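Subject: Structure handover

Hello,

Here is the structure I promised to pass on. Please open it and keep it in view while you read my notes.

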Amino acid sequence: MAAIDGLPPLREVIATHGLAAKKSLGQNFLLDLNLTAKIARQAGDLSGCDVLEIGPGPGGLTRGLLSEGARKVLAIEKDARCLPALAEVAAHYPGRLQVIEGDALQIDPLAHLTPPIRVAANLPYNVGTELLVRWLTPPEWPPFWESLTLMFQREVAERIVAAPGSKAYGRLALLASWRAEARIAISLPPEAFTPPPKVSSAVVHLTALPEPRYPADPKVLERVVAQAFNQRRKMLRAALKGLAPDLEDRLLASGIKPTDRAETVGLEQFCALARNIAAG
Ligand code: SAM
């Protein structure tokens, strides 16, 4: 029996193309097309948008994005075994799906995309966090994307949307709140995936702000917050040791007590410290 979009159901696609999930590629597939369409809707109005999808796998989310009206989907997939299944989706939606085989961490997709661009992905969480940090820290702002709709382990999703002072607050929340609005859009139990992972997951939706909340050099800010939260129990004068000369003076000039711990310091102060350090 055909699925809601007229293509074969995903279980059949997986069986036909021998797509046994590989742990090394973080493969936990979404097979329910109602669910993938729901995730695609979280990405906003896709008509008139190009969508960059990372890790399409057998194509569940890809089909959701296309059935929800994306003008074009550019999908980057590392596992060559998935390409024949994705070619069938491309044939069903002529001219709207382009697939690039390769590692999303190595490929620059921008030459293939026309603004406005949204990003959607269900990725292994380590690749997802690395890409998220890259997408939040380009030298220029606004970025190439209007929104990011990304699946993470629930615990990582909570770190992205965490409020200052909470246990989950750290580098990810700080960088996300600096240049974007972030919220958890959907929570998913392990059984939503095949095979089910050990932990629950959540879709995080981020919308790019027109301007960062406070000015700062992204590379310097990223270095400061990574070092500050790497040793989050230490006082900042110890955690940030070696980051810049005259550190205590710089902390004080940025409104931070040298005895403060990272989790008690707000975004505004971290941005002030990054500006102070960048000024030399
Ligand atoms: N999007 C599909 C879904 O929702 O069913 C597959 C999700 S599965 C969690 C992650 C996908 O990302 C797999 O297809 C895997 O092969 C792919 N992948 C893993 N690392 C990747 C990388 N570095 N670049 C591109 N794709 C990658």
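A residue is called buried when its relative accessible area is under 20%. Phe-270 comes out at 0% relative accessibility, so Phe-270 counts as buried. Keep that cut-off in mind, as it returns several times below. Please also remember that this is a predicted model.

**The sheet**

Start with the open sheet. It has seven strands, and their order is β4-β3-β2-β5-β6-β9-β7. The pairing is mixed. Which strands sit at the edges? They are β4 (97-101) and β7 (180-188), and each of them pairs on one side only. On average, neighbouring strands of the sheet are turned by 20 degrees against each other, with direction ignored.

Now look at one pair inside the sheet. Strand β6 covers residues 147-153, and strand β9 covers residues 201-208. The two run in the antiparallel sense and pair over seven bridges. One example to find on screen: Thr-149 has His-205 in β9 as its bridge partner.

Two helices touch this sheet. Helix α2 (residues 33-42) lies across β6, β7 and β9. The direction of α2 is at about 165 degrees to β7. Helix α4 (residues 83-92) packs on the sheet and touches β3 (72-77) and β4. The direction of α4 makes about 165 degrees with that of β4.

**Ser-201**

Ser-201 belongs to strand β9. Is Ser-201 buried or exposed? Its relative accessible area is 7%, so Ser-201 is buried.

**Helix α2**

Back to α2. How many of its ten residues are buried? Seven are, and the helix is mostly covered. The buried ones are Leu-33, Leu-35, Thr-36, Ala-37, Ile-39, Ala-40 and Gln-42. What covers them? The cover includes α1 (10-17), β1 (29-30) and α3 (60-67). It also includes the strands β6, β7 and β9.

Asp-32 caps the N-terminal end. A side-chain oxygen of Asp-32 lies 2.8 Å from the backbone nitrogen of Asn-34. After α2 comes Gly-44, and its phi is positive, near 95 degrees.

**The aromatic pairs**

The count of aromatic pairs comes to three. One of them joins Tyr-169 and Phe-229. This pair is edge-to-face, with 6.0 Å centre to centre and 85 degrees between the planes. It links distant parts of the chain, as the two residues are 60 residues apart. Tyr-169 is in the loop between α6 (154-161) and α7 (171-179), while Phe-229 is in helix α8 (residues 218-230). Tyr-169 has 2% relative accessibility, so Tyr-169 counts as buried. Phe-229 has 8%, so Phe-229 counts as buried too.

Phe-229 also pairs with Phe-270. Here the geometry is tilted: 5.8 Å centre to centre, 45 degrees between the planes. Phe-229 lies in helix α8 and Phe-270 in helix α11 (residues 267-278), so this pair ties together parts that are 41 residues apart in sequence. Through such ring pairs, Tyr-169, Phe-229 and Phe-270 form a cluster.

**Cysteines**

A disulfide is a covalent bond between the sulfur atoms of two cysteines. Cys-49 has 4% relative accessibility, so Cys-49 counts as buried. Cys-82 has 0%, so Cys-82 counts as buried.

**Gly-102**

Last, go to the loop between β4 and β5 (117-122), where Gly-102 is found. The relative accessible area of Gly-102 is 18%, so Gly-102 is buried under the 20% cut-off. Leaving aside neighbours within four places in sequence, Gly-102 is in contact with Ile-76, Glu-77, Lys-78 and Ile-107. Gly-102 and Leu-174 are 72 residues apart in sequence. In space they are 30 Å apart, C-alpha to C-alpha.

Best wishes

Note on methods: Residues numbered from 1 in each chain as written. Predicted model: local features only at pLDDT ≥ 70, side-chain atom pairs only at ≥ 80, totals over all residues. Heavy atoms only, no water. Pairing = 2+ DSSP bridges. Helix = DSSP H or I, 4+ residues; strand = E, 2+ residues; numbered from the N terminus. Axes fitted to C-alpha atoms, helices over the stretch in contact; angles between N-to-C directions. Contact = heavy atoms within 4.5 Å. Buried < 20%, exposed > 50% of the residue type's maximum accessible area, 1.4 Å probe, protein only. Polar contact = N/O pair within 3.5 Å; in protein donor to acceptor, adjacent residues only side chain to side chain. Phe/Tyr/Trp six-rings, centres within 6.5 Å; stacked < 30°, edge-to-face > 60°.
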